[in-house]
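Please look at the structure before reading the points below.

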Amino acid sequence: MDSDRSQTHKEALEQFVLLWGEMASAWGINRTMAQIHALLYAEADPLDTDAIMKQLDISRGNANMNLRNLLQWQLIHKVHFKGSRKDYYTAEKEVWNIVATIIRERQQREVAPIRQNLNECLQLFEEKEELSPEEQDFRERIENFTEFLEMFERFTEALLPYINKRNLKFLKQLVKLAEMKHTITGSDSSSSETD
């Protein structure tokens, strides 16, 4: 199959897989997991573990571990072919579903645990009868951070249905609203940049 491809197709596929791997840290996943996802996303037909290992030059253990993680994230799906004992994999091809999954997973794996740990820090202050001014100031800073994370989670939860429904019109309006921040705040953009 690979030999039937043009040089352009091969180069574009290689560049796409490398780019996805570079973006891995922004997703909160490792490079190999991102590259496997990119390869499966780019391929029209499902691939088995051997083909993934060969294409990305990775070990079976590395491939299996990252395939399990991608299955848990629901970014890929297992496919079975009649008469074959091998497992084949294909990626979710709908970009909207991919974005929604990544947002949801990052919130559950990163934002929610941080907020929970911060609440536990605040609980330490609750148990003390009287706080020093320094302790009160520190507690307030933790509360501010916790409030921000709660607001971020609420924003994400409110946004996800529009992503799931592929409501591009609403999302474009939301972006326009954010871009018009100087109109909303009553200040010009140069002063709000420094705030």
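A residue is called buried under 20% relative accessible area, exposed over 50% and partly exposed in between, using a 1.4 Å probe and protein chains only. The model is predicted, so local features need pLDDT of at least 70 and side-chain atom pairs count only at pLDDT 80 or more, whereas totals for chains, interfaces and linings use all residues. Residues are numbered from 1 along each chain as its sequence is written, and side-chain values use heavy atoms, without hydrogens and water.

**Nonpolar cores**

- A nonpolar core is a set of buried Ala, Val, Leu, Ile, Met, Phe, Trp, Tyr and Cys residues joined through side-chain atoms within 4.5 Å.
- The largest core has 27 residues, among which I36, L40 and I52 touch the most other members.
- A second, separate core of seven residues includes L118, L122, L131 and L149.

**Aromatic pairs**

- Rings of Phe, Tyr and Trp (its six-membered ring) pair if their centres lie within 6.5 Å; planes under 30 degrees apart count as stacked, over 60 as edge-to-face and the rest as tilted.
- By this rule there are six aromatic pairs.
- F125 and F138 are edge-to-face, because their ring centres are 5.8 Å apart and their planes stand at 85°.
- F125 is buried at 12% relative accessible area, whereas F138 is partly exposed at 42% relative accessibility.
- F148 and F152 form a stacked pair, 6.4 Å centre to centre with 25° between the planes.
- F152 is partly exposed, with a relative accessible area of 35%, and F148 is also partly exposed, at 44% relative accessibility.
- One aromatic cluster is formed by F16, W20 and Y41.
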